[in-house]
Amino acid sequence: MEKKENKRKFTSGKLLNLAPVIGMILMAAVFLAIAYMKDVNIPYSFKNILNQSIITMVVATGAVFIYTLGAFDISLGASMCVSALVGAMAYNRTGSLLIMLGVCVGCAVLVSLISSVLASVFNLPVFVTTIAMLSLLNAFALVLIKANGTGDVVQVPANAVRGINTVWFKLIVLILFLAFCIFAFSFMKLGRQEKFVGGNPICAALSGLNASKLSIIGFMMAGLGVGLGAFLTITYAPTLSRNTAGSVGMDVIISIVFGGMPVSGGARSRIYSAAVGSLSMTLLSQIMLMLNFDSGISQMVKAVIFLLVVYVSMLNSRKTILPR
Amino acid sequence: MDTIVEIRQMSKSFGPTVALDHVDLTAYGGEILGLIGENGSGKSTATSIYAGMQNCDEGEMLFRGEKWNPSSMNDALKKGVGMIVQENGTVPGISAAENIFLGETKEFMSGLFVNRKKMIKDAQDALNRIGADHINAAAMTGSLDFQDRKLIEIARVMTGSPSVLVVDETTTALSQKGRDIIYRIMQEMKEEGKCVIFISHDLDEIMNKCDRLTVLRDGKIIRTFSHDEFEEGAIKAAMIGRELKGSYYRDDYDGTVSKETVLEADNLNLSNQLKDFSFSLHKGEILGIGGLSHCGMHTLGKVLFAAEKAESGTFTVNGHTVRNEAEAMKYNIGYVAKDRDVESLCLEASIKDNIAIAGLDKFAVNNFLILPKREKQYVNEQVESLSIKCHDADQYVSTLSGGNKQKVAFGKWIGRDSEILILDCPTRGVDIGVKQAMYQLMYRMKQEGKSIILISEELAELIGMSDRLIIMKDGHLAKEFARSPQLSEADAIEYMI
């Protein structure tokens with residue numbers, strides 16, 4: 001009888017780990033129910049949700065490689081803005097979407113590389129170098145827009161990207177990138193080593209892991225996500241300004257935490273957190289929109305749910321770290 | 001004698017693991033009650049619940065006849081129950097004084113500000129009172145070694161003048177000086193009519209110091225021995241449920257080893273920890289290194305794994321210079337650090353993650369692809385060969401008992417088939433059954449031609465297991481002993497002090 005009870009507790013602990021996924025499914029069910037009752041065009045709404053969340057999903061999935069290390073990048077949005085601007089300018093010069101994609105990814109990876117290498121060379125917390133990068137990138141974005149000479153924006157002809165501005169294209173990009181990240185995180189040494197460095201850097205060093213090297217690789221993975229995000233941003237909104245991707249940094253944090261990943265990174269990091277969190281957040285926004293919530297109240301509800309998610313994930317962690 | 005501690009029908013589970021199963025325990029004023037049992041038997045769980053660290057699932061607790069339900073360890077200490085925990089219980093980023101008065105800052109408030117001068121003075125008094133006057137109360141705790149951090153904890157607990165003191169597996173982490181401090185405190189409390197609950201795996205120590213001894217096994221009370229019933233064989237049998245067969249240490253006195261040198265250190269210097277330290281390690285040799293806690297032996301372990309760099313001098317492994325930890329692993333060196341929870345394990349990770357992390361290159365296909373089946377097989381081999389008590393390899397290491405954690409730390413390096421193992425206090429906090437198994441494993445590894453550097457503060461262990469014993473003093477090599485049946489602890493101590 002007692003064993004059954006213990007087994008039940010153990011299972012409930014594991015279920016608690018799956019809470020973000022269960023939450024997302026529940027939210028999708030609620031969304032469907034409300035949409036059905038309000039006679040909303042469900043396929044159209046779903047398309048909308050995907051359109052809104054895919055870019056965040058891509059960037060956040062890459063950013064998991066940074067957060068797992070217990071690190072933090074405040075310059076993700078600025079990096080995406082600059083990468084998109086440079087990518088757009090490359091298109092305007094060459095007329096090639098492929099070159100635009102390559103330039104977007106190359107630029108974002110380069111920015112990440114600079115942040116992480118500087119942190120490694122000067123032995124600084126990588127967060128510090130990303131703060132410096134944020135200012136630098138914001139200034140660089142202004143310089144690029146000015147140099148382009150078309151007022152406050154850089155534009156790519158809408159016709160040029162119309163063909164790839166589809167949910168299916170974005171979905172394929174997301175699935176390919178997600179599959180690549182899942183493979184790197186779960187089936188290569190990289191993910192294991194990153195989780196260990198995030199969980200206990202001292203023990204990781206004494207297990208032969210090079211935290212600087214892992215940090216550089218992690219940042220490059222994040223750069224890859226930012227670059228793809230920049231490319232998708234151009235296809236979605238071909239007119240770019242200094243405010244492009246302004247909220248991405250915060251959206252990424254919220255998505256990752258909402259997806260059940262600890263902000264401190266470590267062993268409990270999960271690669272799917274970003275996708276789950278991002279989709280959940282967008283579903284939540286849509287549900288509140290359909291219920292005609294005031295935007296202020298919507299923000300408050302989101303904040304309360306965010307705190308609740310953090311509390312629940314900590315509750316599970318507290319239970320499992322009690323000493324014997 | 002007054003009854004001070006009463007625990008009635010206490011039960012506690014961690015997931016599917018039953019840590020305590022309807023435990024009844026009583027401790028009286030004016031006595032030292034010993035608690036002994038294998039790793040994971042429930043000793044720390046029962047006492048930590050009583051000391052306010054966690055809650056029980058079922059049961060009742062009384063303190064001096066009154067219902068006892070502390071909300072935290074601080075609350076318990078204020079009301080008269082203090083506990084010195086097995087692992088590091090201090091915060092590294094603050095001063096020793098702040099650790100001693102952790103949660104008590106308001107006592108030192110002067111208007112809006114904390115009177116640090118007074119806090120440091122009172123903390124220094126507390127340290128002096130327990131005989132740890134060599135510690136500067138203003139020093140940052142993180143800059144102190146494990147023993148001094150432990151002494152800070154003791155000072156912290158003693159500032160609360162507890163009526164009940166729980167000493168959980170603390171002495172094995174301390175040098176003789178540190179142990180003497182604890183023994184004196186325990187004796188004083190006993191004489192004042194207070195109560196001490198003393199947990200240790202050192203049977204000699206516990207039989208020497210305790211008035212009664214309660215044995216736990218698998219979360220149940222097996223038997224309580226009165227002082228006149230103390231008998232080593234009976235206690236061991238009660239602990240493990242069977243008689244220990246075979247030798248505890250190795251029973252040969254043949255200290256001859258291969259002439260092949262696998263590791264050579266030449267004139268290593270590192271501040272005041274290592275001074276012109278030279279030695280060589282041979283294939284198939286167990287080289288014991290002993291001394292007082294601050295003699296430099298723990299630093300030596302780190303230097304030989306390239307985790308710390310010597311200021312001058314060299315060391316080579318099979319002729320290769322080792323520049324960092326990854327290279328040390330490449331040349332097949334493994335290192336079990338003394339500070340298990342900080343240096344050897346990632347507590348929030350699973351057993352699987354901890355064991356696998358050092359062996360990724362061993363089971364990953366082409367040193368690249370990790371196949372879950374191969375990983376599981378690699379980890380399970382260690383879990384089974386070391387008899388790690390767990391639900392499965394996915395269990396978090398933080399939920400294991402001290403001894404089982406140590407087994408995981410061991411498994412990490414044994415799994416990757418290290419040719420040279422540096423073991424810094426490998427049997428700290430490990431019960432006699434596991435200790436014996438670890439000694440047998442070390443001996444088997446020696447016979448397989450593997451070399452072991454055994455750093456320890458337990459002379460009996462060093463003498464019992466080493467082919468050669470080096471005694472260090474103030475960073476120097478003070479004396480080298482060959483394996484011999486005549487070698488005694490007294491011989492070694494002479495060169496330590």
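Okay, let's start with two helices in chain A: α12, residues 248-258, and α13, residues 273-290, have axes that come within 6 Å of each other and cross at roughly 105°. This is a predicted model, by the way. Angles of 65 to 115 degrees count as roughly perpendicular, so α12(A) and α13(A) are roughly perpendicular to each other.

Who's touching whom there? On the α12(A) side you've got A:I254, A:S255, A:I256, A:V257 and A:F258. Across from them, α13(A) puts in A:S273, A:A274, A:G277, A:S278, A:S280 and A:M281. If you sort that contact by class, you get six nonpolar and five polar residues, with no charged ones.

Chain A brings 28 residues into contact with 38 residues of chain B. Which helices of chain A each supply at least two residues to the side that touches chain B? Those are α1 (2-17), α9 (189-199) and α10 (201-205). And that side of chain A does include charged residues: seven of them, along with 12 nonpolar and nine polar.

Last stop, chain B by itself. Its domain assignment gives domain 1 as 3-240, while domain 2 is put together from 261-332 and 419-496. The centres of those two domains of chain B, taken over C-alpha atoms, are 31 Å apart. Where they touch, domain 1 of chain B contributes 13 residues and domain 2 of chain B contributes 11.

How values were computed:
Residues are numbered from 1 along each chain as its sequence is written. Chains are lettered from A and ligands numbered from 1 in the order in which they are written. This is a predicted model: local features need pLDDT of at least 70, side-chain atom pairs count only at pLDDT 80 or more; totals for chains, interfaces and linings use all residues. Domain bounds come from an automatic or database domain assignment. Two residues are in contact if their C-beta atoms, placed from the backbone, lie within 7 Å. Helices (H or I, at least four residues) and strands (E, at least two) are DSSP runs, numbered from the N terminus. Ala, Val, Leu, Ile, Met, Phe, Trp, Tyr, Cys and Pro count as nonpolar, Asp, Glu, Lys and Arg as charged, and the others, Gly among them, as polar. Axes are lines fitted to C-alpha atoms, for helices over the stretch in contact, and angles run from 0 to 180 degrees between N-to-C directions. Angles under 35 degrees count as roughly parallel, over 145 as roughly antiparallel, 65 to 115 as roughly perpendicular and the rest as oblique.
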